[in-house]
Amino acid sequence: MNLLPFDKLPAYQPRTFVSADVDWGDWSQIAPLYDQLEARAAECKTPADLEQWLIDWGELSAALDQDGSLRHIAMTCHTDDEATEKAYLHFVERIQPETKPREFKLAQIFIAHPLRRKLPKERYEIFDRNTALQVELFRPENVALETGEAKLGQQYQKLSGSLTVQFRARRRR
């Protein structure tokens, strides 16, 4: 994905849980991170342990979101590039359908965790509420619908990106 000038941007904050060399297009490299988080949740004995678990979960989610966003941006900027289209569709069809149930599982673990109520309310009240809603609203059958919606969006981007017009005797995209 070197079609965009983002590879030289420094990280806002160095990652501590997620390795910098994870291939976000390879589920076999991502799944163990979810496995670690699921296993570690039961090992949290203090609110500080649970807070670190939440930070690590957030880091994993942010890294996945970042990669998905970069693929989306590349695909929308280069609608005629087959490799960027393929990379985006791979993420949408193969990675996201795997991550959504795993994110739901982590949300369930958090909601059921005995230390949840011991976290500082002023810091976690909104996160707590939103996570509870996420657990309440999640439906596995929606994952396929969201994948289909993303694929339709990609087709729209490709179509609209291919449109050209004549303006002042010049062809413009």
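Leaving aside neighbours within four places in sequence, with which residues is Glu-59 in contact? They are Arg-15, Thr-16, Phe-17 and Val-18, where contact means heavy atoms within 4.5 Å. The points below take up this residue and several others.

1. Basis of the note. This is a predicted model, in which local features need pLDDT of at least 70 and side-chain atom pairs count only at pLDDT 80 or more, while totals for chains, interfaces and linings use all residues. Residues are numbered from 1 along each chain as its sequence is written, and side-chain values use heavy atoms, with hydrogens and water left out.

2. Glu-59. This residue lies in helix α2, residues 47-77; helices are DSSP runs (H or I, at least four residues), numbered from the N terminus. Glu-59 is buried yet has no salt bridge, and the nearest side chain of opposite charge, Arg-15, is 5.4 Å away. Buried means under 20% relative accessible area, exposed over 50%, and partly exposed in between (1.4 Å probe, protein chains only). A salt bridge is a side-chain nitrogen of Lys or Arg within 4 Å of a carboxyl oxygen of Asp or Glu. For charge, Lys and Arg count as positive and Asp and Glu as negative; His and the chain ends are not counted. The side chain of Glu-59 does reach the backbone nitrogen of Thr-16, at 3.0 Å.

3. Leu-64. Helix α2 also holds Leu-64, which counts as buried because its relative accessibility is 7%. Not counting residues up to four places away in sequence, Leu-64 touches Trp-24, Ile-30, Tyr-34, Phe-91, Ile-95 and Thr-99. Leu-64 and Trp-24 are 40 residues apart in sequence, with 6.9 Å between their C-alpha atoms.

4. Side chains of opposite charge can pair when their charged atoms come close. The whole structure has nine salt bridges. One of them joins Glu-38 and Arg-102, whose closest N and O atoms are 3.0 Å apart. Glu-38 lies in helix α1 and Arg-102 in helix α3 (residues 82-112), so the pair ties together parts that are 64 residues apart in sequence. Glu-38 is partly exposed at 24% relative accessibility, whereas Arg-102 is buried at 17%. Asp-35, Glu-38 and Arg-102 are linked in a network of salt bridges.

5. Asp-128 and its partners. Arg-116 forms a salt bridge with Asp-128, with 2.4 Å between the closest N and O atoms. Arg-116 lies in the loop between α3 and α4 (121-137) and Asp-128 in helix α4, so this pair ties together parts twelve residues apart in sequence. Both Arg-116 and Asp-128 are buried. Asp-128 also meets Arg-117 in a salt bridge, at 3.7 Å from N to O. Here the parts tied together are eleven residues apart in sequence, Arg-117 being in the loop between α3 and α4. Asp-128 has 13% relative accessibility, while Arg-117 is exposed at 65%.

6. Lys-118. The loop between α3 and α4 also contains Lys-118, which is exposed, with a relative accessible area of 57%. The C-alpha atoms of Lys-118 and Leu-60 are separated by 23 Å, and the two residues are 58 residues apart along the chain.

7. Leu-9. This residue lies in the segment before α1 (27-41) and counts as exposed at 57% relative accessibility.

Key. Helices (H or I, at least four residues) and strands (E, at least two) are DSSP runs, numbered from the N terminus. A polar contact is a pair of N or O atoms within 3.5 Å; within protein, one must be able to donate a hydrogen and the other to accept it, and residues adjacent in sequence count only if both atoms are side-chain atoms.
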